[in-house]
Amino acid sequence: MVTLIIAKFKKEFTEYFDMDFALVYYVYGLMGMYVDSFAKNLFLTTFDRKHWYCYWYDLDTSFGINNEGVLAF
């Protein structure tokens, strides 16, 4: 069952998301350690009502700094 869901996701991903934009979002998120931006701070927007784009929001935990401004990670 899980294999079918993954195959469907891979097949239909580019119908709903811009692959280049998604990869840039992911790579920058990994490089900047934007840990919250892959879950609760992930916002989506669309310009053509067909493809969706992630955008940055609330980057207070970037580069290993916790939300109190202390280098913690």
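This is a predicted model: local features need pLDDT of at least 70, side-chain atom pairs count only at pLDDT 80 or more; totals for chains, interfaces and linings use all residues.
Quick definition before we start: helices, of at least four residues, and strands, of at least two, are DSSP runs, numbered from the N terminus.

Which elements each supply at least two residues of its lining? Helix 2 and strand 2, residues 52–55, each do. Helix 2 gives the most, with 6 residues.

How much space are we talking about? About 260 Å³ lies in the largest pocket. Its lining has 16 residues, and the closest to the pocket centre are Phe13, Ala22, Tyr25, Tyr26 and Cys54. By class, the lining counts 14 nonpolar residues, 1 polar and 1 charged.

Next, helix 1. It runs over residues 2–16, which makes 15 residues. Helix 1 does bend, though: by about 35°, at lysine 10.

Last stop, serine 37. Where does it sit? Serine 37 is in the loop that joins helix 2, residues 19–31, to strand 1, residues 43–46. Is serine 37 buried or exposed? The cut-off for buried is under 20% relative accessible area. Serine 37 has 1%, so it counts as buried. Which residues does serine 37 contact, leaving aside neighbours within four places in sequence? They are Tyr25, Leu42, Trp56, Tyr57 and Leu59.

Key:
Residues are numbered from 1 along each chain as its sequence is written. Side-chain values use heavy atoms; hydrogens and water are left out. Buried means under 20% relative accessible area, exposed over 50%, partly exposed in between (1.4 Å probe, protein chains only). Contact means heavy atoms within 4.5 Å. On a 1 Å grid over the protein atoms alone, a cavity is a set of points where a 1.4 Å probe fits but cannot get out, and a pocket is an open set with protein on both sides within 12 Å along at least five of seven lines; lining residues have an atom within 4 Å of a point. Grid points are joined across faces, edges and corners, and a volume is the space filled by probe spheres set on the points. Ala, Val, Leu, Ile, Met, Phe, Trp, Tyr, Cys and Pro count as nonpolar, Asp, Glu, Lys and Arg as charged, and the others, Gly among them, as polar. The expected span of a helix is 1.5 Å times one less than its number of residues. The bend at a residue is the angle between axes fitted to the seven residues ending there and the seven starting there.
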